[in-house]
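Biologist: I'd like to learn how to read a model like this one. Could you walk me through it?

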Amino acid sequence: MASTSDDIIKNSNGLGYTASSAAHPETLIKPPAAPSKGQDTIEVRLEFGGGLHLLFSSQPRHTINLPRFVPDSDASPPQPVNMRYLVKWMKGNLLSEREEMFGDGDGVRPGILVLINDADWELEGELEYELRDRDEVVFISTLHGG
Amino acid sequence: MNYQAGPSTSSSQNAQEEEEVPLSLSLDEYARYGRQMIMPDFGLPGQLRLKNAKVAVVGAGGLGCPTLQYLAGAGVGTIAIFDHDTVGLSNLHRQILHTTDRIRMNKAESACLALRALNPKVNLIPHHVPITPSTALPLLRPYSMIIDCTDRPLTRYLLNDAAVRLDVPLVSGAAISSAGQWAVYGGATTSKDGSKKKRACYRCIWPSVLAGSGGNGKCEEQGVWGVVTGLVGTGMAGEAIKLIVGREDPQPLLHLHHLCSNPLIRTIRLKPPSTKCIACGPEPTISDDLEKFGYESFCAGAMGEGDEVTDETGLVVGGVGERISVKELDEIMRSPTSNDMVLVDTRPPVEFGICSLKGSTNIPLPSILKDPSIVPFKAEVVFLCKRGNDSQLAAKAIRQVQSSSAKQGRIRDVRGGLLAWSRDVDPEFPVY
């Protein structure tokens with residue numbers, strides 16, 4: 001069941017996931033297309049480490065476009081999209097495994113560390129953090145080998 | 001000339017520390033440590049702090065070896081080394097303190113031999129016993145820092161809890177394959193005005209173990225680059241030395257390393273302690289009675305999905321007619337009817353490329369599970385892998401497909417796999 005070092009090098013995103021996609025072959029499906037880039041969208045880079053890419057079609061990196069403001073909302077002024085929106089969006093559009101393997105309420109499971117631009121998301125406001133164009137959001141779990 | 005040593009002779013701005021530094025350096029220590037002492041961050045006070053320091057390094061393997069090497073080299077005065085494992089040939093590509101002629105020696109003992117040769121000035125205390133919930137606190141109490149160089153979640157959480165109970169910082173690192181990470185957890189940072197700020201503990205950042213997440217493997221299965229454990233262990237030693245000499249990072253950081261990434265090391269700002277933490281929070285449920293915390297069940301499933309597989313599980317007898325021994329396989333391969341058999345090796349291609357049995361076909365387990373029909377149909381299908389675990393899964397999958405199909409063949413797999421083949425049939429067959 002082990003992955004090969006070759007796979008790891010070729011597919012690496014530099015965040016230390018190690019298991020190959022082969023562990024979940026049945027989940028190798030393409031995620032649905034994100035909204036296309038346009039004036040009212042922002043670009044967000046998503047990365048997964050420590051094996052979490054397995055939950056997202058085994059793809060360690062995703063670049064997605066999100067609407068700049070929460071759609072279908074009557075809020076005035078318009079509500080910029082935040083991490084709460086992103087996590088929900090990921091569950092609906094990107095997640096290739098069961099929801100409980102990633103989500104916990106509005107947030108993510110304990111044991112998944114979320115980083116916004118190289119900082120623990122709890123330093124940035126967690127679910128309330130308002131996403132900006134070109135933000136990078138990283139999801140990792142811990143490693144144990146030694 | 002005045003060789004008198006002491007913090008009063010320095011311009012240390014950390015003089016508010018209540019620590020006492022009664023030691024002085026011997027003449028040869030000035031020479032030995034001169035190249036680091038002349039750096040402004042070190043000076044004589046830094047060297048004396050190192051000499052006074054008592055640290056516990058748990059694990060003298062891939063991470064422990066480089067960590068220990070630099071701690072001893074830098075002159076950390078007292079180093080306890082905990083490891084109950086013995087040196088094996090497959091350790092030596094990364095566990096660089098051990099040597100070929102010390103195979104089967106206890107690792108703590110072997111590391112001590114290397115470190116003593118490097119620096120006879122440091123006090124080394126080897127421990128052959130494992131650290132368990134009942135022994136952790138008494139064993140670790142004498143030390144002012146714990147350095148976690150172990151390789152499994154149970155000891156990682158246990159050492160964290162011990163560090164919290166003993167109120168000492170924990171330097172914790174991990175490495176597998178081409179990735180690693182390390183950080184300082186627990187204890188407190190000291191800001192410029194002398195005020196202390198608690199660091200998050202390991203449990204604050206990693207409150208639970210994700211079962212079966214991909215990084216949670218063992219080096220013997222996933223493999224590991226020697227230079228990756230080397231770099232992570234070196235980073236850990238750097239953190240330990242920075243803590244001892246009072247030059248730690250003002251903000252807690254987590255370092256993520258991947259051998260093939262750019263940048264090579266990515267540094268993350270960590271959050272403050274969690275108020276919900278069961279170890280270091282305001283209402284902890286973990287007490288000095290560490291045995292009361294169920295480490296086994298807390299970590300269950302962490303090292304893989306479902307039950308752990310080992311050499312033993314690869315040797316189980318299995319259902320009637322489902323498994324054959326390597327000797328039976330040898331007979332079938334020599335028999336004139338061997339053409340009626342297809343021998344499928346389910347290991348990853350890279351392992352098949354290292355060594356394989358003549359006439360075997362490589363179809364990796366994940367490919368079989370994804371599409372069982374890729375296994376060629378013959379009257380006799382035999383699955384083979386390294387230890388006899390994956391081959392059972394492959395045979396089971398094919399039997400399930402057959403039960404709803406007209407094609408009927410005999411599906412079996414080999415107990416103990418290629419390790420058993422090398423042991424019982426062909427001693428010339430490589431074990432890796």
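This is a predicted model: local features need pLDDT of at least 70, side-chain atom pairs count only at pLDDT 80 or more; totals for chains, interfaces and linings use all residues.

Biologist: How many helices and strands does chain A have?

Modeller: Helices (H or I, at least four residues) and strands (E, at least two) are DSSP runs, numbered from the N terminus. Chain A has 2 helices and 7 strands, in the order α-β-β-α-β-β-β-β-β from the N terminus.

Biologist: And what about A:Gly146, is that buried or exposed?

Modeller: A residue counts as buried if 20 or more other C-beta atoms, placed from the backbone, lie within 10 Å of its own, as exposed if 12 or fewer do, and as partly exposed in between. A:Gly146 is buried because 28 other C-beta atoms lie within 10 Å. A:Gly146 sits in the segment after strand E7 (135–140) of chain A.

Biologist: Which feature does UniProt place there?

Modeller: The unreviewed UniProt entry gives "modified residue: 1-thioglycine" at A:Gly146. UniProt positions use the numbering here, feature names are shortened, and annotations may be inferred rather than shown by experiment.

Biologist: What are the domains of chain B?

Modeller: Domain bounds come from an automatic or database domain assignment. For chain B, that gives domain 1 (53–298) and domain 2 (313–424), with 41 Å between their centres, taken over C-alpha atoms.

Notes:
Residues are numbered from 1 along each chain as its sequence is written. Chains are lettered from A and ligands numbered from 1 in the order in which they are written.
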